[in-house]
Amino acid sequence: MTRTSIYLDHNATTPLRPEAAAAVAAAQGVVGNPSSVHGFGRAARRVIEDAREQVAALVAAPPASVIFTSGGTEANTLALHGTERRRVLVSAVEHASVLEVAADAERIPVDRDGVVDLDALAAVLVMNERPALVSVMLANNETGVIQPVAAVAEVAARHGALVHCDAVQAAGKIRVDPAALGVHLLSLSAHKLGGPPGVGALIVNGTDVEAQLVGGGQERRRRAGTENIAGIAGFGAAAAAVGVEAAQRAAAARTKALRGRLEAGVMAATPSARVIAADAERLVNTVCILTPGVPAETLVMALDLAGVAVSAGSACSSGKVAGSHVLRAMGLGEHLARQAVRVSLGWTTTEREIDDFVTIWRATAGRLCAGFAMGATAGPAEATAAA
Amino acid sequence: MAYSTKVVDHYENPRNVGALDKSDVAVGTGLVGAPACGDVMKLQIKVSADGIIEDAKFKTFGCGSAIASSSLVTEWVKGKSIDEAATIRNTEIAEHLALPPVKIHCSVLAEDAIKAAVNDYRAKHAVGKAKAAE
Amino acid sequence: MNDMTGLQRIERKPTNQRAPIYLDYQATTPCDRRVVEAMLPYFSDVFGNPHSRNHDYGWAAEEAVERARGQIAHIIGANEKEIIFTSGATESNNLALKGVARFHKGRKNHLITCVTEHKCVLDSARHLELDGFEVTYLPVQANGLVDLDQLRSAITDQTVMVSIMAVNNEIGVIQPLKAIGEICRERKVYFHTDAAQAVGKIPLDVEDMKIDLMSISGHKLYGPKGIGALYVRRRPRVRLEAMISGGGQERGMRSGTLPTPLCVGLGEACRIAEAEMGAEGERLHMLSDRFYNAIMAALPEVYLNGDRERRIPGNLNLSFAYVEGEGLMMGIKDLALSSGSACTSASLEPSYVLRALGVDEELAHTSLRIGLGRFTTEEEIDFAVERIVQEVSRLRAMSPLWELAQEGIDLKSIQWSEH
């Protein structure tokens, strides 16, 4: 990198873990097509089946329940289109890949902390007897807020609904166990947990899906196409690396301490800022900071010039200048929804980086917040709204 | 698809490949299967005057399991009476060769080949006896 | 970046006495080491999400993705804006057929394809039939090529698209793309071609051939597995409905975070293939002629499936009469090749492609696909010929069909027992 040196955008993508890099490199030497019956093909098949066991172990599921896909977005599409359920309910804070696939889905509202409203879910389910599919993410990509998915599944079960859970951001950070959660379908993405991009999985638990990509019979006829061997091998290795529970706990404790340090530093530097859903149960690596009066685009750009990579919203939509749909669903107005930056830590993040980040934050955000605060006395609507 | 060591052994070192004179009254010939299905077996037995199979030969068009199944039954039928030979079941063949489910039909074909050879031999003799009786 | 000379050898397992020779280049190709070298930095150093639009990490990744898009566009004479990344040719074909058909649903309801297409095109077409579309499956001639007059007369005012593959994966024949493109343009029907087996092997030009959509696979041209592309014409614009949405990447036609290293790999694979296509084509021509001539000189009753001339040089599909293909494969374990399409050879059915050419079922059972490619050497060809001749001779000696044929008995005159 030329300028940027502190990477705090791990929810967009996280660097490849060394274990995954080694697996990807090793798999580059695998020649065959996994569907071929000769030795080359069987060796390739072995790589895929080993990785399937590793991914299955991460989510405490049987290997046969793992359907490899080209990523989290395809896994979500397969879950929503592959079930026969015509009636679909989604939380208002789902990832765009869920919201757009189920464009005419009924939206379940969330509270101020972004937590799905279980009473509202029950009320919506009871209104209509048609069998439904409920899709609620395990952890939000923008705020890190963890959803009460097990409780969602209980409500859904009472109404005979299937449950899909987008665990793309959660996997590798907290325990993910579809059986314990009571969900029937669960999406994973490799590059969010230190695996390579271009590979993900849908886990099926007690249900099945109809293939959306057809013609080839791979993945037990649930997803056609020659397998991304190197990607799948890397996914397996990354899953194994993050999957050991003791390692997961230690990493979480470390990350949580780093984030505490970051939040304290930020609040000291810019007292007008506040952490979104600070009191809700959140992923320990994610912090979404509201900076009243300062457009996120401006702040992100200033931080980038100073060598820090953060994000103004989810990477998929950050090309568009719309306010975050997640924050709006949480009751923030259109203006405020454009004044939040997401800082996400990862396995490469060091204490030194956090301290440097706070220093840079003080210099950039501190200046901008002060500037906008002065401007606020002149009375722009957004500053008033922020108060 | 991995083959069992027994299949590989019979495939690489097939026993009793060849042909017997099919016009010989002591020889029974069975030709079963179809080229369009991907396997054809020809099994020949030479039967002594006291009804014991003293020689057997085969030729097979087919996969490794088909070749192994027919090779195996030539070994098994030798020394047996034709009645005993006709009792060999495909399940014994499949079990001995550890055939996977998709290859079970090869053992069925081998059983059919024995029966066809025995029937051919018996038919020749029925005709022979009928002629003698005239 | 060493070893740029193309002298890459396929690594072989040390446990085998004699290393197997890879002759299955239509099933998949090894990733060229130069491609791997180009990809590696994008796994670790330049790991950003190419859709992160506000920091260096994202920009560096985006720049690499766009360079790759340009390289892919260049090899088929397209504009980079017309290239959509997908997870592979299966997805590209699904998206081309279902995406275009579903977008036009209600206005046009007819699709034309061909019986020898890849399974994923045929399965997509079958799914569309379930959705109420009408599909015409054109037959092929004995040489594997579609009849242009039949194509012309199959087009109706309800036809939205014609999907004909560029090169067949089993028999290697090249369809008359330019003529098909002209017919389609004249009748104002989209022309999609599955070019998974063609890109990098034969010159392709979407303008000259009037192609509107083209499916591209990474792992069939020495690129990585898990990546492909779909060319979608912008002028006149081709409209299609996305299959994977949410995020709006790839002009809204295909959502999902782009896998930067894989995109880079596909781009580099295209760049190398384009630069080396001429010389490599000649070399493969020489090798396949050497193979074919040696086999034909040594063995009687061997038949080439598919047109002798209009085929890619890296493919030979041969029927070795009276020797069953799977049995033959077992005898030549030191050669890795296929007795049908890789996707279907686990089943016992004879190849539907060969059946479509009018090859008898019994002959279809005796065929092998020999796929040559970038790392195939003359020495490997000579060894393969020697082994095949040996094994075919041995198996013919134990084939009852060969015996009958030698006795002059017509196999068709025999009443075979079906089982």
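Trainee: At what angle do helix α2 and helix α4 of chain B pack, and how far apart are their axes?

Mentor: This is a predicted model, to begin with. In it, α2 of chain B (residues 64-77) and α4 of chain B (residues 90-97) pack at an angle of about 115°, and their axes are 10 Å apart.

Trainee: Why give me those two numbers?

Mentor: Two packed helices are described by the angle between their axes and the distance between the axes.

Trainee: Is α2(B) roughly parallel or roughly perpendicular to α4(B)?

Mentor: With an angle of about 115°, α2(B) is roughly perpendicular to α4(B), because 65 to 115 degrees counts as roughly perpendicular.

Trainee: Left-handed or right-handed crossing?

Mentor: The crossing of α2(B) and α4(B) is right-handed.

Trainee: Which residues meet there?

Mentor: From α2(B) there are Ser65(B), Ala68(B), Ser69(B), Leu72(B) and Val73(B). On the α4(B) side they meet Ile93(B), His96(B) and Leu97(B).

Trainee: And by class, what is in that contact between α2(B) and α4(B)?

Mentor: The contact of α2(B) with α4(B) has 5 nonpolar residues, 3 polar ones and no charged ones.

Trainee: Switching to chain A. How is it divided into domains?

Mentor: Domain 1 of chain A is made of 6-14 and 245-386, and domain 2 of chain A covers 18-243. Their C-alpha centres lie 28 Å apart.

Trainee: How many residues of each are in contact with the other domain?

Mentor: 24 residues of domain 1 of chain A are in contact with 27 residues of domain 2 of chain A. On the domain 1 side, the elements giving two or more residues are β10 (286-290) and α12 (325-329) of chain A. That side divides into 10 nonpolar, 11 polar and 3 charged residues.

Trainee: What about chain A against chain C, how many residues are in contact?

Mentor: 66 residues of chain A touch 59 residues of chain C. Several helices of chain A each supply at least two residues to its side, including α1 (18-28), α2 (39-58) and α9 (229-243).

Trainee: Which one gives the most?

Mentor: α4(A), with 6 residues. The side of chain A that touches chain C divides into 28 nonpolar, 32 polar and 6 charged residues.

Trainee: Last one, chain C. How many helices and strands?

Mentor: Chain C has 12 helices and 12 strands. Its radius of gyration is 22 Å, close to the 22 Å that the globule rule gives for 419 residues, so chain C is as compact as a globular protein of that length.

Trainee: What does the C-alpha trace of chain C span?

Mentor: About 75 × 55 × 35 Å along its principal axes.

Key: Residues are numbered from 1 along each chain as its sequence is written. Chains are lettered from A and ligands numbered from 1 in the order in which they are written. This is a predicted model: local features need pLDDT of at least 70, side-chain atom pairs count only at pLDDT 80 or more; totals for chains, interfaces and linings use all residues. Two residues are in contact if their C-beta atoms, placed from the backbone, lie within 7 Å. Helices (H or I, at least four residues) and strands (E, at least two) are DSSP runs, numbered from the N terminus. Ala, Val, Leu, Ile, Met, Phe, Trp, Tyr, Cys and Pro count as nonpolar, Asp, Glu, Lys and Arg as charged, and the others, Gly among them, as polar. Axes are lines fitted to C-alpha atoms, for helices over the stretch in contact, and angles run from 0 to 180 degrees between N-to-C directions. Angles under 35 degrees count as roughly parallel, over 145 as roughly antiparallel, 65 to 115 as roughly perpendicular and the rest as oblique. A crossing is left-handed if the near helix is turned anticlockwise from the far one by less than a right angle, and right-handed if clockwise. Domain bounds come from an automatic or database domain assignment. The radius of gyration is taken over C-alpha atoms; the globule rule is 2.2 Å times the number of residues to the power 0.38.
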